[in-house]
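Thanks for coming, everyone. I'd like to walk you through one model today, so please have a look at it with me.

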Amino acid sequence: MGEAMGGSSLGAAALCAGVVLWLLGGRNVGARRARLLLAGSGSGVVGTGPPGRRAAPGGVAWLRGRLRLRGEWWAAVAGVALAVLGASVLPLVAGAVAVPLLRRVRLAGRARRARERRMDAVIALCAALAGEVRAGRQPGEALLRAARDSGGLGEAQATVLAAARFGGDVPGALATAARQPGADGLLGLAACWRVAVDQGAGLAAGLDRLEAALRAERDQRADLRAQLAGARSTALMLAGLPVLGLLLGVVMGADPLRVLLHSGAGLGCLFAGGVLEGVGMWWALRIVRGAEAG
């Protein structure tokens, strides 16, 4: 009976491994087909790459495609490997559950980096606009030039530039553009614009103060993030200690996978340890995020 259960577990793990490899192999089929269609005839230059760069050989292109594998899919690969080694489907299930969680973490990091880039672009926009106004250009023309150089308006750039070019409601367009993540500084730019147009105040002086305030806020956030990097790294290191314990057990010949996956006490320890590990990571990262938000 035990041999039949072990055989079925191995068969299920092998089947899931084949499905994962098939999915990973088919990820870039459409992209490769598009590159072949867009390639220049007889020139050997791929249409989607830089001019003069020849297409890589098939084996190199395949290897690059595998190296571009999204980080969350490595959890599924690790789950398949542990399922085969431990003759159990539990690691496979854990790897499948980890994929959407890790994808959410990766997308959150991408959104944070995009928000920081937009903040830097808004600061550059304020500096460029102040320089254009001091050069003697009218506010509308100065905004057109500064927006082309900095790109701080993001997706709403066309709307803001149209309002500046044709005499529309520039502060309103800037306030709408400020709804983008990381573009809160455009609200200050809209206020400076409104005061300069309605009351004749100096636009360049207001932009200088706004740029200084935004730069100070960005530096403060960067300093706080640097101070919290140690706490975050410590939490991640502590989360990896159970994996180190499993490796030490394998080196000592204790066969921890068999104990954890094929015994009642091991399954109980595995479940309790997984719950405590998840709660601990959630709590530690919640404290760090709360400090960053504060």
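Let's begin with a question: in which helix is the place of Leu-238? Leu-238 sits in helix H10. Before going on, a word on the source: this is a predicted model, where local features need pLDDT of at least 70 and side-chain atom pairs count only at pLDDT 80 or more, while totals for chains, interfaces and linings use all residues. Residues are numbered from 1 along each chain as its sequence is written, and side-chain values use heavy atoms, with hydrogens and water left out.

Now the overall picture. The chain has 13 helices and 0 strands; helices here are DSSP runs of H or I with at least four residues, strands are runs of E with at least two, and both are numbered from the N terminus. Of the 294 residues, 28% are buried, where buried means under 20% relative accessible area, exposed means over 50%, and partly exposed is in between, using a 1.4 Å probe and protein chains only.

Back to H10. Its 37 residues should span 54 Å at 1.5 Å a residue, and the end C-alpha atoms are 52 Å apart, which agrees; the expected span is 1.5 Å times one less than the number of residues. H10 also bends by about 35 degrees at Leu-228, that being the angle between axes fitted to the seven residues ending there and the seven starting there. Leu-228 is one of the buried residues of H10.

Leu-238, in contrast, is partly exposed at 48% relative accessible area. Together with residues including Met-237, Leu-241 and Met-252, Leu-238 forms a nonpolar patch on the surface. Patch members have over 30% relative accessible area and no salt bridge, with like charges joined within 9 Å and nonpolar side chains (Val, Leu, Ile, Met, Phe, Trp, Tyr) within 5 Å. Helix H11 gives the most to this patch, with 5 residues.

Finally, the salt bridges: the whole structure has 13, each a side-chain nitrogen of Lys or Arg within 4 Å of a carboxyl oxygen of Asp or Glu. One of them joins Arg-103 and Glu-72, at 3.7 Å from N to O. Arg-103 lies in helix H5 and Glu-72 in the loop between H3 and H4, so the pair ties together parts that are 31 residues apart in sequence. Glu-72 is buried at 2%, whereas Arg-103 is partly exposed at 41%.

Notes
Areas by Shrake-Rupley, 256 points an atom, 1.4 Å probe, with all protein chains shown as cover.
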